[in-house]
Amino acid sequence: MNIKGKVVTLRAMTRSDMQMICDMFNDPFLEDVVVGWSFPLSIEQQNAWFDRNINSDGKNFRFVIETSEDGAVGIATLTNIDWKNRTATHGIKLANKEKRTKGIGTDTVMAIMRYAFDELGLHRLDGSWFDSNTASKRLYTKCGWKAEGVKRECVYKHGVWRDLTIVGILASDYRELVETNHYWQ
C-alpha cells in the first residue's frame, strides 16, 4: 500500500533508493539543518543499514517521497510509535534543493498526518527543529504544528551548542486545519 498526497506518493524503501539516501546523508547543507548527527557514509554502510532495518518492527516506518515528475525526492518517517499512548515522531528530508519550494514538503506532511491520524488512529505527532531552520519552521507551522518548548543547548554541531524547539500536533489540530483550509478537497 502506498500513501497518497495531492502530489506525492509515500512508498516503502527499496535497495535501489539507498544511493539517493546515502547522498542525502552526506549533503553538508542537510547535515547542518537537521537534528541528527552523521559521519561520512558509504553506500556499503547505507546498504547494511537497509539490510538491518528492512523488516518493520511495527514502531518505525520509513517512506520514500516520490512525485510523478521527479521520482524519488526524499524520505519521510513515522518512528518511535507508542501504540498505547498513540504517539509517534515524524521527520522529513528532501534530497534535492530545487524540490524544496514546490509544495512537496507540505503535501508530504499532510499525507503523513492523514495516514497517522485517520488510518493508524494516532492521537499526537512529535517533532523538532533548530530555530535557524526557517524552512522547517515555515513548513510545520503551515501544517498546523505548534512549538511546545525549547531544550536549551541540546545539540552540539560544528563546535556550537544549539537549542532544539520541540513541536507537536494533535489529531484534533489536524482535523481543524483540514476543515479550515479544505486541503483534501
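Sort the lining of the second largest pocket by class and you get eleven nonpolar, five polar and two charged residues (Ala, Val, Leu, Ile, Met, Phe, Trp, Tyr, Cys and Pro count as nonpolar, Asp, Glu, Lys and Arg as charged, and the others, Gly among them, as polar). This is a predicted model, where local features need pLDDT of at least 70 and side-chain atom pairs pLDDT 80 or more, while totals for chains, interfaces and linings use all residues. Residues are numbered from 1 along each chain as its sequence is written, and side-chain values use heavy atoms, without hydrogens and water.

The pocket's volume is about 320 Å³. Of its 18 lining residues, Ala12, Met13, Phe61, Arg62 and Phe63 are the closest to the centre. Strand S2 (9-12), H3 and strand S3 (61-67) each supply at least two residues of that lining; helices here are DSSP runs (H or I) of at least four residues, strands (E) of at least two.

Now follow H3 (residues 43-53) to its packing with H1 (residues 18-25): the angle is about 115° and the axes are 9 Å apart. Met18, Gln19, Ile21, Cys22 and Phe25 in H1 meet Ile43, Gln46, Asn47, Trp49 and Phe50 in H3, with contact meaning heavy atoms within 4.5 Å. By class, that makes seven nonpolar, three polar and no charged residues.

Further along, the axes of H4 (residues 104-119) and H5 (residues 134-142) come within 10 Å and cross at roughly 45°. H4 and H5 are therefore oblique to each other (angles under 35 degrees count as roughly parallel, over 145 as roughly antiparallel, 65 to 115 as roughly perpendicular and the rest as oblique). Gly105, Thr106 and Val109 of H4 touch Leu139, Tyr140 and Lys142 of H5.

Methods: Axes are lines fitted to C-alpha atoms, for helices over the stretch in contact, and angles run from 0 to 180 degrees between N-to-C directions. On a 1 Å grid over the protein atoms alone, a cavity is a set of points where a 1.4 Å probe fits but cannot get out, and a pocket is an open set with protein on both sides within 12 Å along at least five of seven lines; lining residues have an atom within 4 Å of a point. Grid points are joined across faces, edges and corners, and a volume is the space filled by probe spheres set on the points.
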